[in-house]
Amino acid sequence: MNYLSAENLSKSFGDRWLFRNQNFGINQGQRIALVGVNGSGKTTLLNILAGKLPPDEGNVSTRKGITVSYLGQNPEFNEELTVQQSIFSGQSDVLDVIRDYEAAIANPNTSGDAMQKLMERMDELQAWDFEVRVKQILSKLGINNLDQYIKSLSGGQRKRVAMARVLIEEPDLLILDEPTNHLDLDTIEWLENLLSTQNTTLLMVTHDRYFLDKVANEVAELDGGNLYSYKGNYSYFVEKKAEREEASVAETEKARNLMRKELDWIRRQPKARGTKAKYRVDAFEELKEKAAKKIAGPQLELSVKTTRQGGKIIEVDHISKSFGDKVIVDDFSYVFKKKDRIGVVGPNGAGKSTFLNMLTGKLAPDSGTVDAGQTTVFGYYTQNELTFKEDQRVIDIVKDIAEVVEMANGEVITASQFLQHFQFAPPQQYTFVSKLSGGEKRRLQLLRVLIQNPNFLILDEPTNDLDIITLNILEDFLLNFGGCLLIVSHDRYFMDRLVEHLFVFEGEGKIRNFPGNYTDYREWLKEQESQEPAPKPAAASPAEPAKEQPTPNKRKATYNEKKEYEQLEKEIAQLEARRAEIIETMNAGTTTDHEQLTSWATEIESINEQLEEKELRWLELSELI
């Protein structure tokens, strides 16, 4: 079933077209990830599809009765409302009664009669299960104070409130722009499971490659103003994109060779231009457009000279820090060594940024000392937005720090050449900073840190809003970086690739020094949970030796149950294959017969119900076998 269709969409900013005459559609059950470089128009396209921004040309239509919820990068709220009022904004009777019920529970003056009426209304609307789901969503997103006013929230808190709102609404179609920003790792994994296991229809922009790989079943790339679709997850997309680019290069080279011959033909008889075959002249114009395509050159490598590092890097000796009753760091010590590559993980609000500020001397510990070596040069990339003047251009931001940059190989390049290493083409370097996209500003901010030749890099959420191409360039640079590296990031792929051990904020000021990357840590946690010792039996008296506890006999599967188990596996595989076949047929768009489409949708719903029932039985039997 088609939920949303866009035909001949075009959008420009000034004299630059982001995209022209593009068609796009979303069907039920599709989970599409939209990817592309910063500034390619991903957020603009989402805004158009969500009805927040009109296209210059073309139109967007949504199927009648379909509800759409949109989570933008910077969600908009009525500043005077509370969190509760913003989340339960009267979208339905069920949300209204849950809002009233929660408010009544929180109010000690609520009368018994009023509470009874609300409970009866909850029964009438069958809202109890929904209320449990609402509480789970709020809890997982760390939203505890529903009476707090929106105007008092930070940017990250606003994003989580907006996320809660769209998830609670349970729309038919979710459109999410960078949903993992401002979420901690545990919350990202919960959201990942929520979106990938439900029958969700989703369009999202995200740079989180693990999240993208698990949630998306299709990738759409916005490249050079054109949309390219790939049926499959991110790993499949990377493979097929390389094939497309290789084919595109071959096609462009072929067009250029042919154009030389056609150009010679066009020039041979300039006076007889009117008598030339019209079809050949038209074909020449089309050929000229193909030949004008840019061929991607070799991937630029980012490298900067690292300031020489002495024997002493940073010595942290028994530091502690608290804010009121909240303990951030409790008696932590560590001596940094050359080429340390450390990741910092923990829930939001655990004090990771505070810890970084103490290391760099921006904040003093309550007790203990942080002693940096004389040769240690910090490069500190913070979550704060880039500050600039309205009349500043991109190149001015770099020249404020240095006119030339010394690279790792000793080569000296200009500020303009260094900008090109960070995907800022010469024409864009004279663009006003205020005109850049959010990701482009973050890229420029990161460049300002690296240009100072640090030997101790501290990166606080460096992956927010950066596109995947820039992330790959940054990762390659950091892999070869000769100094120390300290990273706070919710991007698990980024952490796994770069860090060798972790500082884990476990709460109440405790920081665990864990040897390994993030995936190693998650595996270790699972092992710890599975190895939790059972409660010890009471000690036997000296006169009576302890008796061996009898092991309860576990019932074995009967012959019939084994046969049923094998049959269930076959039936589940058949049902999944049939569901995939129907979805593929619907996606192909070979029919517009409403009755046929309705029949297929009904069959998919029936298959899902059968699968749920059979999978539960299969799990029961697998316990015995």
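User: Buried means under 20% relative accessible area, exposed means over 50%, and partly exposed is in between (1.4 Å probe, protein chains only). Is glutamate 178 buried or exposed?

Analyst: Glutamate 178 is buried, at a relative accessible area of 5%. This is a predicted model, where local features need pLDDT of at least 70 and side-chain atom pairs count only at pLDDT 80 or more, while totals for chains, interfaces and linings use all residues. Residues are numbered from 1 along each chain as its sequence is written, and side-chain values use heavy atoms, leaving out hydrogens and water.

User: Where does glutamate 178 lie?

Analyst: Glutamate 178 is in the loop between strand 6 and helix 7. Helices (H or I, at least four residues) and strands (E, at least two) are DSSP runs, numbered from the N terminus. Glutamate 178 is not a glycine, yet its phi is positive, about 50°.

User: What about asparagine 21, what is its phi?

Analyst: Asparagine 21 has a positive phi near 50°, and it is a residue other than glycine. Asparagine 21 sits in strand 2, residues 16-27, and is partly exposed at 47% relative accessibility.

User: New topic. How many salt bridges are there?

Analyst: The count is 24. A salt bridge here is a side-chain nitrogen of Lys or Arg within 4 Å of a carboxyl oxygen of Asp or Glu.

User: Why can such side chains pair?

Analyst: Opposite charges can pair when the charged atoms come close.

User: Which residue does aspartate 56 form a salt bridge with?

Analyst: The partner of aspartate 56 is lysine 11, with the closest N and O atoms 3.4 Å apart. Aspartate 56 is in the loop between helix 1 (42-49) and strand 4 (57-62) and lysine 11 is in strand 1 (residues 2-13), so the pair ties together parts 45 residues apart in sequence. Lysine 11 is buried at 9%, whereas aspartate 56 is partly exposed at 37%.

User: And which residue pairs with arginine 522 in a salt bridge?

Analyst: Arginine 522 pairs with aspartate 186, closest N and O atoms 3.1 Å apart. Arginine 522 is in helix 17 (residues 518-530) and aspartate 186 in helix 7, 336 residues apart.
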